[in-house]
Amino acid sequence: MNEQNDPSINENQAADEAEAAEGTGTFTAEEAGEAASGSGEDFGRLQELANEHQARALRVQADFDNFRRRTQKEKEELAQYATSKLVTELLPVLDNFERALATSPAGADSEAFTKGINMIFRQLDGVLRSEGLTAMETVGQPFNPEYHQAIMQVESEEHEEGIVTEEVQKGYLLKDKVLRPAMVKVSM
């Protein structure tokens, strides 16, 4: 009881407690500087790591967006040109119909047969046109290797050099794509 009332004992006890606290929980100026510089290095390293992860995430996002656009474009092209293989295989049939109509014999017996062939040809031609097939106009046009396949050069007084003079086999476009180039004779 006597100690509680004595102010000098209370002061000494407070000083001892303060020294004990300094030894366990407080830093000297040097220790505080070292701790602060270590935190700065850690902060810088963590900031650099965060920036690296953010850049990586942005690249992955951009790659995904490009992949999505590319697959969407491929899907649209596939849908647009899905019938190209079938149409390509039907082109010789179309050619044969045209040849048959061009060489049909004249006569009363063959008139009904020719009319039937002509109806079938128009039906097939209509179906192919509905799919986007169009015949190329070549005669009188300048030779273009993207649309024409030159099989012969001929001398022509009617046409300048490099102009298609005759179409040997029709060329076709499916929508905006060359399905079969036209076989042509070109003036020289």
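Predicted model: local features only at pLDDT ≥ 70, side-chain atom pairs only at ≥ 80, totals over all residues.
Close-up 1. The side chain of arginine 129 forms a salt bridge with aspartate 125, and the closest N and O atoms of the pair are 3.0 Å apart. Both residues belong to helix H5, which spans residues 108-130, and they are four residues apart, or about one turn of the helix.

**Close-up 2. Lysine 185 and glutamate 166, a pair between two strands.** The side chains of lysine 185 and glutamate 166 meet in a salt bridge, with an N to O distance of 3.4 Å. Lysine 185 lies in strand S6 (residues 182-187) and glutamate 166 in strand S3 (residues 164-169), so this pair ties together parts of the chain that are 19 residues apart in sequence.

**Close-up 3. Arginine 68 and aspartate 65 within helix H3.** Arginine 68 forms a salt bridge with aspartate 65, and the closest N and O atoms are 3.1 Å apart. Both residues lie in helix H3, which runs over residues 29-80, and their spacing of three residues corresponds to about one turn of the helix. Arginine 68 counts as partly exposed at 45% relative accessibility, while aspartate 65 is buried, with a relative accessible area of 19%. Counted by the rule of a Lys or Arg side-chain nitrogen within 4 Å of an Asp or Glu carboxyl oxygen, the model has eight salt bridges, among them the pair formed by arginine 68 and aspartate 65.

**Close-up 4. Lysine 175 in the loop between strands S4 and S5.** Lysine 175 lies in the loop that joins strand S4 (172-174) to strand S5 (177-180). The backbone angle phi of lysine 175 is near 60°, which is a positive value in a residue other than glycine. With a relative accessible area of 36%, lysine 175 is partly exposed.

Terms used. Residues numbered from 1 in each chain as written. Heavy atoms only, no water. Buried < 20%, exposed > 50% of the residue type's maximum accessible area, 1.4 Å probe, protein only.
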